[in-house]
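The tour goes one stop at a time.

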Amino acid sequence: MATVLSVSGSPSASSRTNRLLRHLDNRLTAQGHEVVPLDVRTIPAEALLGADFRHPAIVEATALFDRADGIVIGTPVYKAAYSGVLKALLDLLPQYALTGKTVLPLATGGTTAHVLAIDYALRPVLSSMGARHIVQGWFTLDKDIAVGEDGGLTVAPAAAEALTQVLDQFSEALGRTPILAAAG
């Protein structure tokens, strides 16, 4: 069983990005992985913005990255780039914190104009941090993620199918055989 760190780079607890990531965590768990969620927004701002490498929350986050076999990084896209809160965390991790890791980058946004943010903004940073394998990521439009009044999540069929494929590729890269049930 692989340990997967599922990192939400959203500054909002109720964001589509955060909800989508936690939804996908369930599929990874069903595939036999141990999933550890990390919401970057819960790390104290003074630690992130003050670049306090010794702050207990930064030390703990660094240890989570170190223990993980695979990492899913989800972020909303703002102005064609990943979130600032995610950038702040990545900047505080050791230079080669992703060495030997398999990484799945995911992004959400309001327009297809941001679809290349994964490849042109996030992927180079992940690569520079030593990721062993960065699987094909996926950008999901906000309109394809619906949150019900009960907090339940519904993903549009085409987006759900694409997310299932990239999640299964990630799982295979971790050495697990994906299950056949849909992620949607």
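Which residue in strand 3 stands opposite V7? Select I73: I73 in strand 3 is the residue opposite V7.

A word on the model. It is predicted, so local features need pLDDT of at least 70 and side-chain atom pairs count only at pLDDT 80 or more, while totals for chains, interfaces and linings use all residues. Residues are numbered from 1 along each chain as its sequence is written, and side-chain values use heavy atoms, without hydrogens and water.

Now select residues 3-8, which form strand 1. Helices (H or I, at least four residues) and strands (E, at least two) are DSSP runs, numbered from the N terminus. Six of the six residues in strand 1 are buried (under 20% relative accessible area, 1.4 Å probe, protein chains only). T3, L5 and V7 lie on one side, and V4, S6 and S8 on the other.

Strands pair if DSSP finds at least two bridges between them.

Then pick V7, I43, L48, F65, I71 and L89. Of the 32 residues in the largest nonpolar core, these touch the most other members. Such a core is a set of buried Ala, Val, Leu, Ile, Met, Phe, Trp, Tyr and Cys residues joined through side-chain atoms within 4.5 Å. Helix 4 supplies the largest share, six residues.

How values were computed
Buried means under 20% relative accessible area, exposed over 50%, partly exposed in between (1.4 Å probe, protein chains only).
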